[in-house]
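Open the model in your viewer and keep the selection panel at hand. The stops below follow one another, each starting from something to select.

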Amino acid sequence: MTHRCVVHEPVKEFKEFLDKFNEYMHVIAGDREAIKRIAYEFVEDKAKEGVIYVEVRYSPHLLANSKVDPIQWNQKEGDVSPDDVVHLVYQGLSEGEKAFNIKARSILCCMRHMPDWSMEVLELCKKYGNEGVVAIDLAGDESLNCEAYPGHRMAFEEAERCGIHRTVHAGEVGPSSVVKEAVEVLKAERIGHGYNTSQDQVLYKQLLDQNMHFETCPISSKLTGACDSDFTKHPIIRFRKDKANISLNTDDPLIFNSTLQHDYVTVQKYMGFTEQEFKELNINSAKSSFLPEKEKKELVTKLHEAYGMVEDTAF
């Protein structure tokens with residue numbers, strides 16, 4: 001069964017990657033025990049990878065089978081609402097934190113093709129702000145812009161007003177204009193992927209000057225066909241040269257059969273990153289996290305101590 005869920009070689013069409021979700025999501029969605037257990041085991045996996053703080057993102061609506069229209073994955077109506085999903089994930093993450101001594105927070109995703117869900121996602125961010133939810137995200141088909149789907153814009157404008165952190169998947173397979181929209185319209189504080197940002201040199205320089213954080217996912221970007229399959233030509237190399245603020249992340253680790261270690265080894269082997277650069281990258285990642293300032297400073301200090309580095313007083 002596992003081989004049906006995993007992408008081993010770069011897909012010819014992005015849909016080929018998306019189809020993999022159909023193989024297993026119907027088993028998880030609407031199952032309280034499964035949702036909570038996966039959240040718990042996610043924390044366990046990250047602890048094994050040496051992670052001390054993680055932000056996991058997911059769409060509550062894609063895991064629900066009640067109070068969601070339409071119900072996903074050809075499921076029958078059940079009794080697990082998007083609200084229930086967020087609470088179950090929180091329980092799983094919290095139990096994982098206690099068991100494995102790491103910190104885990106979550107980011108709730110709006111889906112580009114379902115703008116009617118976005119305000120509900122925002123309300124869940126508000127409700128569960130004290131229960132592990134640290135930000136709102138927008139993911140999905142980048143050809144669907146906010147002019148045609150204003151529901152996303154409304155949710156993100158309200159998020160900004162309420163002080164809810166914002167990140168947006170943009171510039172992965174879509175052009176730099178999607179990144180521009182993410183920054184200027186949705187007021188994104190971080191960009192998911194952002195590989196095509198440099199198509200617009202004015203925008204790219206602006207974001208470098210602003211120290212915009214790019215959440216990069218090397219293994220994913222090859223297998224989805226978002227980037228050249230030759231890692232020596234990856235946009236991360238340009239980011240590195242220009243001293244961009246980036247992190248390395250796993251993206252859909254089940255489908256890509258990958259771990260964070262796999263991404264780091266790939267970047268070291270094909271892009272020449274050094275141990276010192278990895279340390280600096282991780283500290284910048286911590287500084288760009290969506291933790292409250294006090295917890296963020298504690299995380300940054302912890303990394304400096306672990307790496308034997310003198311902490312920069314500028315934050």
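Select asparagine 101. Asparagine 101 sits in the loop between α5 (82-100) and β2 (103-111). Helices here are DSSP runs of H or I with at least four residues, strands are runs of E with at least two, and both are numbered from the N terminus. This is a predicted model, where local features need pLDDT of at least 70, side-chain atom pairs count only at pLDDT 80 or more, and totals for chains, interfaces and linings use all residues. Residues are numbered from 1 along each chain as its sequence is written, and side-chain values use heavy atoms, with hydrogens and water left out.

Is asparagine 101 buried or exposed? Its relative accessibility is 67%, so asparagine 101 counts as exposed. The cut-offs are under 20% relative accessible area for buried and over 50% for exposed, with partly exposed in between (1.4 Å probe, protein chains only).

Next, aspartate 69. Look in the loop between β1 (53-58) and α5. Aspartate 69 is exposed too, at 63% relative accessibility. Pick aspartate 116: it is 47 residues away along the chain, yet the C-alpha atoms are separated by 8.9 Å. Beyond four places in sequence, aspartate 69 touches Met114 and Trp117; contact means heavy atoms within 4.5 Å.

Go inside. Select Ile136 and Ile191, which touch the most other members of the largest nonpolar core, a set of 83 residues. Such a core joins buried Ala, Val, Leu, Ile, Met, Phe, Trp, Tyr and Cys residues through side-chain atoms within 4.5 Å.

Last stop: a second, separate core of seven residues, among them Ala286, Leu299, Val300 and Leu303.
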